[in-house]
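This briefing summarises selected features of one protein model for computational work. Please consult the sequence and structure shown here alongside the points that follow.

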Amino acid sequence: MLRRPLDWRVRAVETVVIDAASTCVRRRSLQVAPLRAMLDEYLPTDGDYTHALLPMFVAPFPRGPLLDFDVEGLDGSASLLPRSEIATREVAFFEDLLRECEVDLTDDVRSVLIAALGYSGPWLHEEIVDPDEFLREGLPFEPGTETLDTWRNYSARCGSVLLQRVDTVERTAPEAPWLVLPELFANGFLVSADHASATLRSYAVLLEHLSDRAAIEGEGAAADECLEVLADYACSYDLMAVMKVPLDEPFVVKTAERRNVRMDPKRNSGHQELVIADARTNHVTIKVDDPNVRLVSADAYSVDSVHYAVGPLVSRRNDQYVAFYSHDPDRDYRIRVEFRLHLLRRLESVSVLAAVLVASLTYALWDSDDLDVRTLALLGGPAAPSASVLVGREQSTLGSRLRLRSTSLLAGSLVVLVLSVFALYALRIS
């Protein structure tokens, strides 16, 4: 992944639109240079070919289901490759890197890697509560406790290596290869418990060997790159699609997908992970679709780090969008864009001012010495218009979520006012 040639991917333009439904729509355009020079040696010599039907790398995507996804090539929609086929191609690239380390990949370990990188079953710690029960139900035989312990130990050795590279692989099959054992037995790649143990051991030994070499050779060496690529594949996969493309002219591949936005209710903040080094230049724009919402901040950080990312430059910024531009050859491959959202100040101030008014009236009620029913009704009357602010529905779910703090403050002050009215009536008037 880190050594893929970038010459044929000229420019990647990605727009992340945070819409009113508290989701984000990600649109990506990948401009591809003419492919004749790259494919000429593979083309048949008995004809003048102008187009080719190719499985093309479109974009890296996080593991999980694709929701509202669409991909479009030069001649219309394209066909997605199955994840098993994508995994086979990813393992082939990983195997090319291993050859640079003068390490051979055995057939058993290759089958584990293909199954792990193409795994789309239940996730560890989310849907699998008891790993032992998961294996006993999925295997064609009843594994013993000692066998299960052996598999977990080998898997833990694999995870200890990959977790040093990417901190988000704790729920993926490359870090916990026992997840793919039922699939490997069902497909006939494994035939016995001892065969499975030997295969997992070979996989763990391979990763540990690469880790030891990376520690000696240093960052950027071939062994280090092998582990970085595998750790990155553990968190995401290269989406590939088959499409008809021209050989002698540039063209554009477009993708669109809708994803959920996880917002922190305390800071009204969220984040999105993006790739900014899969083309010669990458352009990323973070936009807010709701006109009542403003983008307070949006900054790019290294993944799983508090440090700013290397490479992305802010080319334009206002309350509705932030644009990043990256072209440095040494830029980070993957970044995390953290953003904060707020309502427009005039909209947010309504609830705050109403809460201040209600709190002031509550204080006036308790501070009044000459209190009668008329005075009580007069001072407690503003509860009705203040409550109308709570009843009024926000135009979007995103705006409603961003109003949560101010409306909670107003609701709390109204509750205090209403309770004060009842208490003062009972204590001083009745």
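This is a predicted model: local features need pLDDT of at least 70, side-chain atom pairs count only at pLDDT 80 or more; totals for chains, interfaces and linings use all residues.

Is Ala231 buried or exposed? Ala231 counts as buried, because its relative accessibility is 0%, and a residue is classed as buried under 20%.

- Ala231 belongs to helix 8, which covers residues 222–235.
- Between Ala231 and Thr172 the sequence separation is 59 residues, while their C-alpha atoms lie 9.8 Å apart in space.

- Three strands form an open sheet in the order 9-14-11, and their pairing is antiparallel.
- Strand 9 (269–275) and strand 11 (293–302) are the edge strands, each of them pairing on one side only.
- On average, neighbouring strands in this sheet are turned by 25° against each other, with direction ignored.
- Strand 14 (residues 334–343) and strand 11 run antiparallel and are joined by nine bridges.
- Opposite Tyr301 stands Arg336, a residue of strand 14.
- In general, the strands of a sheet pair through backbone hydrogen bonds, in either a parallel or an antiparallel sense.

**Strand 10 and its partners**
- Strand 10 spans residues 281–288 and is mostly covered, with six of its eight residues buried.
- With strand 1 (residues 9–18), strand 10 pairs in the parallel sense over eight bridges.
- Ile18 has Val288 of strand 10 as its bridge partner.
- With strand 13 (residues 321–326), strand 10 runs antiparallel, and six bridges join the two.
- Val284 has Phe324 of strand 13 as its bridge partner.

- Helix 13 (residues 404–429) contains 26 residues and reaches 36 Å from its first C-alpha to its last, close to the 38 Å expected at 1.5 Å a residue.
- Buried residues of helix 13 include the serines Ser406, Ser413 and Ser420, together with Thr407; Leu410, Leu414, Leu417 and Leu424 are also buried.

**Cysteines**
- The number of disulfides is zero, where a disulfide requires two cysteine sulfur atoms within 2.5 Å.
- Cys226 has its closest cysteine sulfur in Cys101, at 4.0 Å, which is too far for a bond.
- Cys226 counts as buried because its relative accessibility is 0%.
- Cys158 is likewise buried, at a relative accessible area of 0%.

**Positive phi angles**
- Most residues other than glycine have a negative phi.
- Glu102, although not a glycine, has a positive phi of about 60°.
- Glu102 is placed in the loop between helix 2 (83–100) and helix 3 (107–117), and it is exposed, since its relative accessible area is 73%.
- Asn268 is a residue other than glycine whose phi is positive, near 55°.
- Asn268 is placed in the loop between strand 8 (251–260) and strand 9, and it counts as buried at 4% relative accessibility.

Conventions
Residues are numbered from 1 along each chain as its sequence is written. Side-chain values use heavy atoms; hydrogens and water are left out. Two strands pair if DSSP finds at least two bridges between them. Helices (H or I, at least four residues) and strands (E, at least two) are DSSP runs, numbered from the N terminus. Axes are lines fitted to C-alpha atoms, for helices over the stretch in contact, and angles run from 0 to 180 degrees between N-to-C directions. The expected span of a helix is 1.5 Å times one less than its number of residues. Buried means under 20% relative accessible area, exposed over 50%, partly exposed in between (1.4 Å probe, protein chains only).
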